[in-house]
Structure formats: C-alpha cells, structure tokens
Amino acid sequence: MKALFLLLFVSGAAMADDAAMLQCRSLADIASRVKCYDAIPLGAAAPVAVPTAQQREQSFGMETVKQPKAAEAQESKSISSSIAGKFDGWSGNELIKLSNGQVWRIVDGSSAVLAPLNNPKVTVERNFIGTFFLKIEGTNNSPKVRRVQ
C-alpha cells in the first residue's frame, strides 16, 4: 500500500505545474509549504507538442538544443530536395541553396567539378553522430555540410 501511495504521489507531482512547484519550494515555513503543494492541481502541466512532418523538414539541420526522448524518435535522418537551376560543382565553404529554401554551407573544404546538371536532386543525410552530408544526383562525392538558413 505504501508503494502504491508513493507511486501515485510521484506521478502526480510530475504532472504538477512547474511554476507553482517552484513557488511552494521557496516557502520557509513547513506548514505553509505543504499547504501550497496541496493546492496545486494535478495534471496542470501542458502536453508536449509533437512537430508535424513539414515542421521537422523545415527545421532539419537547425537543431541546436538536445531534443527530448519523444522528439528523438521522430527526428528525420534525411530530407530530399533539389538545387534550382544549373549546377556544375562546388568549392570549399560555398553556399548551396535548395529549392525548399534551405541554405547549406560546404564545411569540409572539398571541391568538385561536375558536368552541368539542371535542377539536380539532392538528399541531405544525417549520420549516426549528427554530421550532415549532401548527396547530389550524378556524383559519388558527398560533401560535409552545415545548415545556415
């Protein structure tokens, strides 16, 4: 019975409003603090919003903060787009603008001269440690890239 009470208490406290919890924690008087905790409604915490597929694609490569576990499962490993217009290669530190509006910078110092391609399809892939590579249709070279816009 004691374990069940503890489980209910812990799960209820986990759902309580963080701001209210912080306010109660700041009270020095024990009786006042307990009364404050008792006044917090359970389940007041807001649900975590899961981003849509379009939102995940638009933010692909712009992640700067470690995502919560639920979001990691939804994290994309790649996106597909194209480079609008004529494309004949790249050089180190060059910016590549994709037709979806994203801009990626070549960061590995590599370069390649290709036969001119019109609107080549590209895939930006994230490897297991989070590094991004640009795979371009018509070449086996995949420069390391970082999203800048």
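Okay, let's start with two helices, α2, which covers residues 18-25, and α3, which covers residues 30-39. Their axes come within 9 Å and cross at roughly 170 degrees. That makes α2 roughly antiparallel to α3, because an angle over 145 degrees counts that way. One thing to keep in mind as we go: this is a predicted model.

So who meets whom here? From α2 we have Met21, Cys24 and Arg25, and on the α3 side they meet Arg33, Cys36 and Tyr37. If you sort that contact by class, you get 4 nonpolar residues, 2 charged ones and no polar ones.

Two of those names deserve a second look. Which residues does the disulfide join? It's Cys24 and Cys36, with the sulfurs 1.9 Å apart. The structure holds 1 disulfide, by the way. Cys24 sits in helix α2 and Cys36 in helix α3, 12 residues apart, and the pair links distant parts of the chain. About the S-S bond the angle is -75 degrees, and the link is left-handed. And are these two cysteines buried or exposed? Cys24 is buried, and Cys36 is buried too.

Okay, let's zoom out to the whole chain. There are 5 helices and 8 strands. The chain has 149 residues, and 25% of them are buried.

What about contacts across the sequence? Take the contacts with a separation of 6 or more: residues 24 or more positions apart account for 52% of them.

You'll find Ser82 in strand β1, which runs over residues 78-82. Why do we call Ser82 buried? Its relative accessible area is 18%, and buried means under 20%.

So what does Ser82 touch? Leaving out residues up to four places away in sequence, Ser82 touches Leu98, Ser99, Asn119, Pro120, Lys121 and Val122. There's also Thr123 to look at: Ser82 and Thr123 are 41 residues apart in sequence, and their C-alpha atoms are 7.9 Å apart in space.

To recap, then: we have α2 and α3 roughly antiparallel, a disulfide from Cys24 to Cys36, and over in strand β1, a buried Ser82.

Technical notes
Residues numbered from 1 in each chain as written. Predicted model: local features only at pLDDT ≥ 70, side-chain atom pairs only at ≥ 80, totals over all residues. Heavy atoms only, no water. Helix = DSSP H or I, 4+ residues; strand = E, 2+ residues; numbered from the N terminus. Buried < 20%, exposed > 50% of the residue type's maximum accessible area, 1.4 Å probe, protein only. Contact = heavy atoms within 4.5 Å. Axes fitted to C-alpha atoms, helices over the stretch in contact; angles between N-to-C directions. Parallel < 35°, antiparallel > 145°, perpendicular 65-115°, else oblique. Nonpolar A, V, L, I, M, F, W, Y, C, P; charged D, E, K, R; others polar. Disulfide = S-S within 2.5 Å.
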